[in-house]
Amino acid sequence: IETVPGTAGILLPPPGYLAGVRALCDKYDILLILDEVMCGFGRTGEWFAFNAFDVVPDLVTFAKGVNSGYIPVGGVIISDAIAHTFTERVFPGGLTYSGHPLASATIVATIETMEDEKVVENAKHIGATVLGPGLEALKAKHSIIGEVRGAGVFWAVEFVTDQVTKQPVDAAWMGKLRSALLAHKLLPFMADNRLHVVPPCVVTEEEAREGLAIIDTVLGELT
Ligand SMILES: Cc1ncc(COP(=O)(O)O)c(C=O)c1O
């Protein structure tokens with residue numbers, strides 16, 4: 001499972017949820033594989049999204065943010081217990097480019113730079129001080145917003161026709177929102193009735209505020 005499902009809606013697991021999944025996995029002898037391809041490497045303001053929850057997975061998949069996409073690369077982090085099974089048994093698999101030195105070097109360089117430039121700390125700070133409060137303020141101002149949720153630089157804004165019933169706006173309205181945001185030079189990522197606010201982990205306070213101001217202006221124009 002994705003620790004924080006991304007394209008499905010940036011759904012932060014409620015307290016206890018992942019610990020419950022871990023307990024079920026343990027009970028039925030199932031491996032817990034957390035997909036951190038989208039939510040890992042700083043996106044939620046943590047190195048791994050699961051760091052914010054009381055859970056230790058058996059395997060962790062990663063890609064994208066691990067090297068900011070400079071070279072296509074993905075991988076799996078394997079717990080010691082599982083890795084040790086292959087000291088006595090041959091792993092029945094192989095890939096042409098597994099462990100490719102160039103791709104691996106981009107990962108090392110990216111992680112070092114992220115540590116040096118405190119990129120994960122920046123993502124957390126932007127979420128806590130700019131995007132979180134800023135999006136909540138937009139929700140208080142614009143009744144078309146039914147919910148905002150997220151962490152770090154990983155947020156979803158849901159648009160509704162009624163804040164109580166949470167009836168989603170229609171696709172035509174989302175199309176108008178897209179066009180208006182593009183007209184103001186903000187490139188949106190949208191899914192269903194949601195705008196995903198997912199700037200780079202290196203975004204500055206000023207840039208994040210600029211983005212929020214564009215969303216505010218556009219919602220004022222459309223409603
Ligand atoms: C959360 C998540 N998991 C897995 C994948 C697939 O990753 P890959 O293309 O490296 O197999 C994606 C790709 O967008 C993703 O967003």
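This is a predicted model: local features need pLDDT of at least 70, side-chain atom pairs count only at pLDDT 80 or more; totals for chains, interfaces and linings use all residues.

**First stop: the ligand**

Select the ligand together with Lys64: an oxygen atom of the ligand sits 2.7 Å from an N or O atom in the Lys64 side chain, a polar contact (a pair of N or O atoms within 3.5 Å).

Residues are numbered from 1 along each chain as its sequence is written, and side-chain values use heavy atoms, with hydrogens and water left out.

Which residues surround the ligand? Show Glu2, Asp35, Val37, Met38 and Lys64; a residue is near the ligand if one of its heavy atoms lies within 4 Å of it. By class, that shell has 2 nonpolar, no polar and 3 charged residues (Val and Met count as nonpolar; Asp, Glu and Lys as charged).

**Second stop: the aromatics**

Next, select Phe41, Trp47, Phe48, Phe50 and Phe62, which form one aromatic cluster. Rings of Phe, Tyr and Trp (its six-membered ring) pair if their centres lie within 6.5 Å; planes under 30 degrees apart are stacked, over 60 edge-to-face, and the rest tilted. The count by this rule is 6 aromatic pairs.

Zoom in on Phe41 and Phe48: their ring centres are 5.2 Å apart and their planes meet at 70 degrees, so this pair is edge-to-face. Then turn to Phe48 and Phe50, with centres 5.4 Å apart and planes at 10 degrees, so here the rings are stacked.

Buried or exposed: what is Phe41? Phe41 is buried, at 7% relative accessibility, and Phe48 is buried too, at 17% (buried means under 20% relative accessible area, exposed over 50%, partly exposed in between, with a 1.4 Å probe and protein chains only). Phe50 is likewise buried.

**Last stop: Ile77**

Pick Ile77, in strand β3 (residues 75–78); strands are DSSP runs of E, at least two residues, numbered from the N terminus. Ile77 is partly exposed, with a relative accessible area of 35%.

What does Ile77 touch? Leaving aside residues up to four places away in sequence, Ile77 touches Phe48, Asp58, Leu59, Val60 and Phe62, where contact means heavy atoms within 4.5 Å. Phe48 and Phe62 also belong to the aromatic cluster.

Key: Helices (H or I, at least four residues) and strands (E, at least two) are DSSP runs, numbered from the N terminus. A polar contact is a pair of N or O atoms within 3.5 Å; within protein, one must be able to donate a hydrogen and the other to accept it, and residues adjacent in sequence count only if both atoms are side-chain atoms.
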